[in-house]
Amino acid sequence: MSPFFLLFILIMANPAYDQALTTGEVVIRKWWFNTNSTKNQMTLQFQQAVEKPDSQVSANSMLISLEQGTEPLGNTTNVTALRSINADKATAILGSREGDATMGSPVIEANVFYEKLGFPPGTKFAIQVTENFEKNPYSNSHSPKVNPTTDEVVVATNPATGTQMPVYRHTELVIADTCKHTFIAGEAQKAPYAAPVDAMGISQGINS
């Protein structure tokens, strides 16, 4: 990536959006008209800075930072969730059929958007995180969770099988009072099992 492109990104980035994320509120990150739908729909991408479990923040972050010589990871992770909204209703609130709040479009919180949509005032929203070992069957692009420091796929022992498996993250926009996160702590990937070598048998096979 060229230095000029990086400079362009820095100039175009919206500090108001980054500031909104630090409040812990759910904000609308991007929106676009869904050309794959025949029902006049727009897709809205919501984002929130969610606190990580203490076990992941302290022990795992410190281990990784020591191993990789990097700064320890923060105590939050930015997660996103998608919702499909009637395009006419969404456009009336957002002012356009396409936008990107990270690049200068209006920064709108989820509670403000849904209040204008007709939801009871004062309702708070959250993005619920559910981690398990199952890929989203309705998505062709759902990939396993990746360690942001090492770029390795996160694995953990699945209690149902007793074996290490990739961890998948699922997100959903919910009412804040009902939000219950389910995190799975990643593990160091075990070396694949190798059968013991019969040195005597190899020797006899070579000499025979």
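## Rings that pair up

Two rings of Phe, Tyr or Trp make a pair if their centres lie within 6.5 Å. With that in mind, let us look at this predicted model. Ring pairs join Phe46, Phe113, Tyr114, Phe119 and Phe125 into a cluster, and the structure as a whole holds five aromatic pairs.

One of these pairs is formed by Phe46 and Tyr114, whose rings are stacked, with 6.1 Å from centre to centre and 25 degrees between the planes. Phe46 has a relative accessibility of 0% and so counts as buried. Tyr114, at a relative accessible area of 10%, is buried as well. Tyr114 also pairs with Phe113: the ring centres are 5.3 Å apart and the planes stand at 90 degrees, which means that this pair is edge-to-face. Both Phe113 and Tyr114 are buried.

In soluble globular proteins, nonpolar side chains tend to be buried together. In this model, the largest nonpolar core has 22 residues, and those with the most contacts inside it are Ile28, Leu44, Phe46, Leu94 and Phe113. Several elements each give at least two residues to this core: strands β1 (27-33), β2 (41-51), β3 (76-86) and β5 (125-132), together with helices α4 (87-94) and α5 (110-117).

Leaving out its neighbours within four places in sequence, Phe113 is in contact with Ile28, Leu44, Ile85, Ala90, Ile93, Leu94 and Ile108.

## Helix α5 and its cover

Which residues of α5 are buried? They are Ala110, Asn111, Phe113 and Tyr114. These residues lie on the same side of α5, because they cover an arc of only 160 degrees around the axis. The elements covering them include strands β1, β2, β3, β5 and β8 (168-175), along with helix α4.

Just after α5 comes Gly118, which takes a positive phi of about 120 degrees.

## Salt bridges

How many salt bridges does a search of the whole structure find? There are five. In one of them, Lys124 joins Glu25, with 3.1 Å between the closest N and O atoms. This pair links distant parts of the chain, 99 residues apart: Lys124 sits in the loop between α5 and β5, and Glu25 in the loop between α2 (15-21) and β1. Lys124 is partly exposed, with a relative accessible area of 40%. Another bridge connects Arg97 with Asp88, the closest N and O atoms being 3.4 Å apart. Arg97 is partly exposed at 37% relative accessibility, and Asp88 is partly exposed with a relative accessible area of 47%.

A further bridge brings Glu131 and Arg169 together, with their closest N and O atoms 2.7 Å apart. Glu131 lies in strand β5 and Arg169 in strand β8, so the bridge ties together parts that are 38 residues apart in sequence. Is Glu131 buried or exposed? Glu131 has a relative accessibility of 2% and therefore counts as buried, while Arg169, at 23%, counts as partly exposed. Salt bridges that share partners join Glu131, Lys145 and Arg169 into one network.

Note on methods. Residues are numbered from 1 along each chain as its sequence is written. This is a predicted model: local features need pLDDT of at least 70, side-chain atom pairs count only at pLDDT 80 or more; totals for chains, interfaces and linings use all residues. Side-chain values use heavy atoms; hydrogens and water are left out. A nonpolar core is a set of buried Ala, Val, Leu, Ile, Met, Phe, Trp, Tyr and Cys residues joined through side-chain atoms within 4.5 Å. Buried means under 20% relative accessible area, exposed over 50%, partly exposed in between (1.4 Å probe, protein chains only). Helices (H or I, at least four residues) and strands (E, at least two) are DSSP runs, numbered from the N terminus. Contact means heavy atoms within 4.5 Å. Rings of Phe, Tyr and Trp (its six-membered ring) pair if their centres lie within 6.5 Å; planes under 30 degrees apart count as stacked, over 60 as edge-to-face and the rest as tilted. The arc is that of the directions from the helix axis to the C-beta atoms. A salt bridge is a side-chain nitrogen of Lys or Arg within 4 Å of a carboxyl oxygen of Asp or Glu.
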